[in-house]
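Hi,

Here is the structure I said I would pass on.

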Amino acid sequence: MPAPDLERRISQIMREDRGRLLAALIRSLGDFDLAEDALQDATERALIHWTRSGLPTRPDAWLLQVARRAAIDRIRKAKRFKGLANDITRLMEEDEDARSQAPPEIPDDRLRLIFTCCHPALEQKTRIALTLRTIGGLTTKEIARAFLDNDAAMGQRLSRAKAKISAARIPYRVPDRADWDGRLNSVLTVIYLIFNEGWTAGPGEAPIRSGLCNEGIWLARMLCDLAPNDPEIEGLLALMVLSHARARARFDESGALVPLDTQDRTLWDTALIDEGLAILDRAVSRRLPGPFQVQAAIGALHIQAETPEDTDWMQILALYNRLLALAPSPVVRLNRAVALAEIGALTEARSALNALGADLADYQPFHAALAELARRDGDRLVARNAYETAIRLSVNEGEKNWLRAQRDRV
Amino acid sequence: MQYLALIYAEDGAGPQYGTPEFEGYMAGFFAANKAYEEAGVMRGGNALQATSTATSVRIRDGKTETMDGPFAETKERLGGYYLLDCKDLDEAIKMAELIPTAHHGTIELRPIMEIPGDG
């Protein structure tokens, strides 16, 4: 196979199988760094070997075996600790087993891997970075660019995390049923934050940023396969798919943000809408409500309205009340206040907003909502000031442009 | 793996000595001790006297300097510790949750360094 084709094939294999291979290697090596290095060695050898003798029948099994041997070499070279002799013996036995029989299916340990990467003993941002690096296969540089961070800081963050996992003995394990909900929530939050980071990226930004939306959806789909029939995983997937269905309508040609009520609904992706609604139906039929399912249901109500005026705001308000009971937060209160305004309860909406001033002082959508309400109330001074604050807080040019246009309308 | 559970709380926070709440607080420690013994994780632990009794010692240029008070002036003071032998961090976190101070203070879990060739 010619080299460029082969390189493409290898990067495709790595995209599809990297997480699975890495998860299996971490399980047998008990060390994130060693596993990553060994897999890197194996891909380099694959390029040389496969150019000469063609693609093996099972490239993934080939890579796993070569990576395991590369790990043995690395441990031998390091020879730092006597204790590693046992590891070498065990690895060589695994290697012998692998050689003596047809390559077995590689067990899928990615569920362990993602729970470890999203362990609550790690900082939130670290969980995100580690998940993108180990499961998503993004490079440190790509992650740094995606989160507007510098390479060195991101590299340090990742290596500190890997060192802590091994030194503090964060277990490489799927949590018990008793701990499942809390720990799963940490995983789902990480995936949703990845998606949201992509969602807030403007059209002029590095493609890697908007690519985070697909990354988040891809991770949730993987989770659905690994832990089927979990309504909150399905809820999160539905939520992201339903949002993503509107992606093409979110910015106009000038790059300005188009809010939901003025979007061209013919640009919405009907295939994604159908898929999202079907996933949500499946989740809800399990009758175990959770915050992601409720958020997806709110998204579904928005997207099912033929026109903005058809939006069922009463139902949306009821769902926000539900969400407030399940997972109270200032942002949920803000969205509930917006729903109140939409059903005409302006006074109630304004007093709800005023109560949030301290919590959401630095949150752009809060000031935008305040401005819009004040404008409707004819309170022009408050409206203009709030728009100014929102513009100052916005980090996205398209959004700033839209906010400026709103301010000028007052 | 052994973990040192360092028990931090602000002075004056939590139940005060002589109140009925304090009895409940102490009962929490007895319950934790019992749970640790039963789980076989207990390797030691003590409460410390107030930081007003602390002395810090260091040697600079060959000369011993002593100072009145704790090493770091922080709002949260180290009040005691447990040494727990747990299978992993998840188990250590579960054990730390049993320390009643966790409700108003903070428990810091620090894995004990394993020195190769030792024991």
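Let me start with chain B, which has two helices and six strands; helices (H or I, at least four residues) and strands (E, at least two) are DSSP runs, numbered from the N terminus. Along the sequence, chain B reads β-α-β-β-β-β-α-β.

Some housekeeping before the rest. This is a predicted model, where local features need pLDDT of at least 70 and side-chain atom pairs count only at pLDDT 80 or more, while totals for chains, interfaces and linings use all residues. Residues are numbered from 1 along each chain as its sequence is written, chains are lettered from A and ligands numbered from 1 in the order in which they are written, and side-chain values use heavy atoms, with hydrogens and water left out.

Back to chain B: its C-alpha atoms fill a box of roughly 50 × 50 × 15 Å along the principal axes. Of its 119 residues, 27% are buried (buried is under 20% relative accessible area, exposed over 50%, partly exposed in between, with a 1.4 Å probe and protein chains only). Take the contacts (heavy atoms within 4.5 Å) between residues at least 6 apart in sequence: 75% of those in chain B join residues at least 24 apart.

Leaving out residues up to four places away in sequence, Tyr25(B) touches Pro15(B), Pro100(B), Thr101(B) and His104(B).

For chain A, the domain assignment (automatic or from a database) gives domain 1 (3-100), domain 2 (109-202) and domain 3 (312-410). The C-alpha centres of domain 2 and domain 3 of chain A are 31 Å apart.

Now the salt bridges, meaning a side-chain nitrogen of Lys or Arg within 4 Å of a carboxyl oxygen of Asp or Glu. Over all chains there are 37. These are the ones I looked at:

- Asp60(A) pairs with Arg20(A), with the closest N and O atoms 3.4 Å apart. Asp60(A) is in helix H3 (residues 59-78) and Arg20(A) in helix H1 of chain A, 40 residues apart, and both are buried.
- Asp88(B) meets Arg173(A) at 2.7 Å, N to O. This pair joins two chains, because Asp88(B) lies in the loop between strand S5 (76-85) and helix H2 (89-96) of chain B, and Arg173(A) in the loop between helix H8 (151-167) and helix H9 (177-199) of chain A. Asp88(B) is buried at 5% relative accessibility, whereas Arg173(A) is partly exposed at 28%.
- Glu197(A) and Arg209(A) meet at 3.0 Å, N to O. Glu197(A) is in helix H9 and Arg209(A) in helix H10 of chain A, so the pair ties together parts twelve residues apart in sequence. Glu197(A) is partly exposed at 22%, and Arg209(A) is buried at 4%.
- Arg18(A), Asp33(A), Glu36(A), Arg133(A) and Lys162(A) form one network through salt bridges that share partners. Arg18(A) itself is in helix H1 (residues 3-29) of chain A and is buried at 11% relative accessibility.

Last, some backbone angles. Most residues other than glycine have a negative phi. Asn229(A), however, has a positive phi of about 70 degrees, and lies in the loop between helix H10 (207-226) and helix H11 (231-244) of chain A. Arg287(A) has a positive phi of about 55 degrees, in the loop between helix H12 (270-284) and helix H13 (291-304) of chain A. Asn229(A) is exposed at 52% relative accessibility, and Arg287(A) is exposed at 71%.

Cheers
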